[in-house]
Each structure stands twice: as structure tokens, then as C-alpha cells.
Amino acid sequence: MSELNLNALVQSAHANNDYDSLIKLVPYARLIGIECLRLGDEMVFRLPQNEDNIGNPLPAIHGGVIAGFMEHAAMLHLLMFMGAPHLPKIIDFSIDYLRAGHYRDTFAACQVWRQGRRVANVAITAWQTHQAEPIATARCHFKIDEP
């Protein structure tokens with residue numbers, strides 16, 4: 001997808017408060033069902049409760065699904081707010097699991113710690129019932145210059 005088309009999609013998503021067109025660009029985000037909720041100037045990502053995301057009989061969400069959700073939330077956040085000219089490419093990802101991800105909706109918020117010309121550093125927090133009680137935190141770096 002060209003830079004011009006991607007920028008137009010981002011602008012349209014913001015104008016209509018509908019981010020499905022951007023999520024459709026990322027097959028795994030679509031597969032696990034990521035949704036975006038705009039709350040003023042903040043973006044909260046939602047992973048709806050889904051039996052396909054269960055990893056053990058508690059039932060609890062599979063750790064890989066939680067990590068994938070958080071990684072893709074960070075990538076989408078960069079795409080939506082940082083003017084990345086193309087889909088950012090992951091360089092590294094580090095996650096800390098803090099609590100079990102129970103079979104319910106899960107939310108994530110991202111904070112860009114630093115964005116340079118080539119690399120962006122993003123922190124992600126995921127929670128279920130209270131944002132003050134995260135189930136996981138993560139840090140990741142993305143390559144954001146031309147591929």
C-alpha cells in the first residue's frame with residue numbers, strides 16, 4: 001500500500017471514528033478480533049472475549065494471544081498517531097505477565113516513549129477489570145523508516 005493511500009486511510013479513520021479499515025491491513029489483528037475505542041485524545045484497544053483465544057482450562061487467554069494483542073496494539077497506535085508512512089516493523093518485544101488473563105474482554109493502552117526518524121519505543125499496558133491492575137506490561141521497538 002502506498003504512503004498516500006495509508007495516510008488517507010488514517011485520516012478517514014480519525015474523521016469517522018472507525019478504525020476497522022486500518023485493522024483489516026493487519027491479518028493477525030483481524031484474526032484475534034482487535035477493536036479500537038477512541039476516548040478523546042486517547043486510544044484504547046480491545047480484545048473481545050473469544051473462545052478461540054483460550055490457552056488453558058482455567059479458562060485463561062493464551063499468553064501468546066495476549067502478547068500478540070499488545071504488540072499489534074502498539075503497531076496500530078504508531079500507525080494512527082505518529083504519522084508512520086507505512087506499517088511499522090517490529091524490532092524487539094519484551095513482556096511481563098503480571099496476572100492471569102481470564103476469559104473476558106481485555107484492554108490495552110499505549111504510550112510512545114520516544115520516536116525518532118528510524119525507531120520508535122512504545123510501552124503497552126493490558127488490563128481486564130481495572131486499568132490500575134494490569135495483567136501484563138510490555139515494551140517494544142519498531143522500525144518506522146522506509147522499508
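Trainee: Which residues line the largest cavity?
Mentor: The lining of the largest cavity is made up of L47, P48, Q49, N50, N53, I61, H102, Y103 and R104, and it should be kept in mind throughout that this is a predicted model.

Trainee: How do the residues of that lining divide into nonpolar, polar and charged?
Mentor: Four residues of the lining are nonpolar, four are polar and one is charged.

Trainee: And what volume does the largest cavity have?
Mentor: Its volume comes to about 30 Å³, and the structure holds one cavity of 30 Å³ or more.

Trainee: Switching to R46, where does that one lie?
Mentor: R46 is part of strand β2, which covers residues 42-47.

Trainee: What does the side chain of R46 make polar contacts with?
Mentor: There are polar contacts with the side chain of E35, at 2.3 Å, and with the side chain of D105, at 2.8 Å.

Trainee: Leaving aside neighbours within four places in sequence, which residues is R46 in contact with?
Mentor: With those neighbours set aside, R46 touches G33, I34, E35, L37, F69, D105, T106 and F107, so that list takes in E35 and D105, the partners in the polar contacts.

Trainee: Are F107 and W127 buried or exposed?
Mentor: Both F107 and W127 are buried.

Trainee: Last topic, V10: which helix is V10 found in?
Mentor: V10 belongs to helix α1, which spans residues 3-16.

Trainee: Why would V10 be called buried?
Mentor: V10 counts as buried because its relative accessible area is 10%, and the cut-off for that term is under 20%.

Trainee: What is V10 in contact with, leaving aside its neighbours within four places in sequence?
Mentor: Apart from such neighbours, V10 is in contact with L22, L79 and M80. As for F81, which is 71 residues from V10 along the chain, the C-alpha atoms of these two residues are separated by 8.7 Å.

Conventions: Residues numbered from 1 in each chain as written. Predicted model: local features only at pLDDT ≥ 70, side-chain atom pairs only at ≥ 80, totals over all residues. Heavy atoms only, no water. 1 Å grid on protein atoms, 1.4 Å probe; cavity = no way out; pocket = protein on both sides within 12 Å on 5 of 7 lines; lining within 4 Å. Points joined across faces, edges and corners; volume = space filled by probe spheres on them. Nonpolar A, V, L, I, M, F, W, Y, C, P; charged D, E, K, R; others polar. Helix = DSSP H or I, 4+ residues; strand = E, 2+ residues; numbered from the N terminus. Buried < 20%, exposed > 50% of the residue type's maximum accessible area, 1.4 Å probe, protein only. Contact = heavy atoms within 4.5 Å. Polar contact = N/O pair within 3.5 Å; in protein donor to acceptor, adjacent residues only side chain to side chain.
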